[in-house]
Amino acid sequence: MSAWEKIRKEWIRPALFFGNNLLSLAGGAITSAAAFVLIGFWVVDAFGHGGTQNPYIGIILDFLLPGIFLLGLILIPVGMVVRRAVLRRMGKVPSVYPRIELGDPVFRRGIEIVAATTFLNFVILGTATYRGVAYMDTESFCGETCHVMAPEGTAYPVSTHSGVACVDCHVGSGVGGYVHAKVNGTKQLIDVLRRHYATPIMPEDRLPPVGQTCLKCHRADAWMGDRVFISTTYGDDEKNTRSRSLVLLHVGGRSVAGALSGIHGAHLGHIEYISTDATHQTIHYVARTEADGRVTEYTDTDMKTAKVGVRRVMDCTDCHNRVAHSFDTPEHAVDRSMLAGAIRPELPYIHKESLELLKAFYSSREQARTEMAARLARFYQSGYPELWQKDQYEITQASSRLAAIWSQNVFPFMKVTWGTHPNNLGHNDYPGCTRCHDGSHNAASGKSIASDCSTCHNVLTIDETNRKQLADLGVE
Ligand code: HEC
Ligand code: HEC
Ligand code: HEC
Ligand code: HEC
Ligand code: HEC
């Protein structure tokens, strides 16, 4: 018996015979239906009208439909096996399956169709799987599909790194990074479905090494020299008096002569530290390895158990920890909105009122919006009735701006509120640099980590309100 005849006799004929059952036929129908829908969506998508921007449609397209498709494929052999078992129990399995003639054009067409469908199935399923994986890597999956990522997903689109995919910072390169991320991601997905996750979500373990993330786009020792940093704040007085601070930050790097200096240069060596909390706000042990291999250990004089805890090697993200999803302080958010005119600085006491409204407790966005509007209206109606008559529009604009600020920074269902995710760059809003540079981290020699104001910047002016002075500095 030739091989072909053998296959025909022992496989194809029985397959066709047993395949003639409801389950298998239904499987075939489900599979083709799912395939048609999928192809239809892809065609629509290709012409730019796809709904894949919407994460929930994305889940259907890239996970649910291929799942149904696969289910249909599985049903076909299951149906065959069941029918065979049933016929066997009834003793009705024929000893010779109905003959199939290769010369029979109907049968040959059948074979061709089966072969073509199988090929098509293979292509469809392959593409679907590929798309599913690619989809899981997009911002809409990471930041929106999964509501537990809402805080980061909200802060991300307005960050400097909104063009950088979540995975470019959160997934290391190579197979290891990919597998780690998928295993971790699947675990997280299951945790979310079981409603078993931490609130708020804190940065648990490290990001992949910066060599696989930041340094794909940035150079660690690029020379940046000095940078002017300007901050504008408004007062709590009736006039919301504006003041400005200017510092000239010595960011440094590696100069053309090859020397490392400044803020970047100073930390490019090997610095390790131990902290006592999840966001590394309390650091009581720092060890710096000098170029010649000597290690200088600095311990916080107030701490007794300095060396207990997890050691971390300092890198970019210890200062730039909020590059892609930074949460504001109420003060910063209000100052920025006032500077941009989104909250009119001419409204009396608006700075003080805004901060009070933002810091109050609301259980939902809806409540925040209505209460802020009502309370601000009441404030001006009772204290400044004429102004309320005249500038009602500006006042309602201000309260909607405040509601927007609140919604971008406070997420009650995730227990994320003001200050949950501190920003380590600087020292005015959070400990930041002063976690180490506070004058009380001392080496055995008595030397402490530098903390003079001039170590990091020249202070050009602090809280200056005099417009002439500011004009002389070129910022008025
Ligand atoms: C430019 C790099 C970068 C990008 C892009 C990025 N992240 Fe992050 N992410 C970080 C850093 C840095 C941390 C803080 C790590 C630390 O403190 O150890 C972090 C922390 C987190 C955390 C822990 C909680 C927190 O807020 O600290 C979550 C959750 C998170 N990111 C989600 C996302 C999501 C979702 C996206 C895409 C929408 C994203 N990230 C894009 C750099 C990035
Ligand atoms: C895929 C490329 C890419 C990756 C990865 C990346 N960045 Fe950037 N980064 C950029 C680009 C492009 C800009 C300029 C953006 C602009 O000015 O609008 C930038 C700007 C910055 C800035 C200046 C603006 C700011 O937000 O203060 C800092 C600081 C920065 N990146 C740090 C980091 C750190 C730290 C990481 C790693 C956690 C990182 N970047 C990862 C591309 C990247
Ligand atoms: C010790 C803290 C610290 C570390 C560590 C650090 N930076 Fe910075 N970096 C700063 C400060 C401070 C600035 C100035 C910020 C400003 O202008 O507001 C800055 C500025 C920058 C800028 C923006 C310059 C610009 O054009 O405005 C980039 C990009 C940057 N850093 C990337 C990195 C990368 C990449 C790493 C890791 C190799 C790194 N930084 C490590 C503190 C740090
Ligand atoms: C984990 C601890 C740690 C943090 C956080 C930290 N530094 Fe440092 N920094 C050090 C150590 C250790 C040295 C080296 C000891 C020294 O020079 O006093 C150093 C040195 C420096 C120097 C050089 C000082 C000199 O005398 O030349 C500058 C400038 C500096 N840091 C700026 C910053 C800035 C700005 C930040 C915050 C954005 C910051 N550092 C955050 C540990 C830290
Ligand atoms: C270890 C480094 C370091 C030391 C020491 C330091 N600063 Fe700063 N300072 C910074 C950095 C970094 C920023 C920029 C913050 C940013 O980019 O958001 C800054 C910003 C400022 C600002 C700008 C206004 C603001 O609201 O952020 C003022 C004012 C200031 N520092 C004052 C001081 C004074 C006064 C001292 C001394 C008592 C001092 N700093 C010591 C690193 C330092």
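Predicted model: local features only at pLDDT ≥ 70, side-chain atom pairs only at ≥ 80, totals over all residues.
Residues are numbered from 1 along each chain as written, and chains run from A and ligands from 1 in written order. Local features need pLDDT of at least 70 and side-chain atom pairs 80 or more, while totals for chains, interfaces and linings use all residues; side-chain values use heavy atoms, without hydrogens or water.

**Exercise 1.** Work out which polar side-chain atoms lie by ligand 3, and at what distances.

*Solution.* 
- Now the atom pairs, N or O atoms within 3.5 Å. R227 puts a polar side-chain atom 2.4 Å from an oxygen of ligand 3.
- For nitrogen atoms of ligand 3, the distances are 2.7 Å from H264 and 2.8 Å from H320.

**Exercise 2.** Find the protein donors of the iron atom of ligand 5 and name the geometry.

*Solution.* 
- Look for N, O and S atoms within 2.8 Å of the metal (3.2 Å for Na, K and Ca). The protein supplies H427 (NE2) and H457 (NE2), 1.9 to 2.0 Å from the iron.
- Check the angles: the six donor atoms subtend 82 to 180°, so the arrangement is octahedral (six donors, opposite ones over 155 degrees apart, all others between 65 and 115).
- Finish with accessibility: H427 is partly exposed at 39%, whereas H457 is buried at 11% (buried is under 20% relative accessible area, exposed over 50%, partly exposed in between; 1.4 Å probe, protein chains only).

Note on methods. Polar contact = N/O pair within 3.5 Å; in protein donor to acceptor, adjacent residues only side chain to side chain. Tetrahedral: all angles 85-135°; square planar, octahedral: opposite > 155°, others 65-115°.
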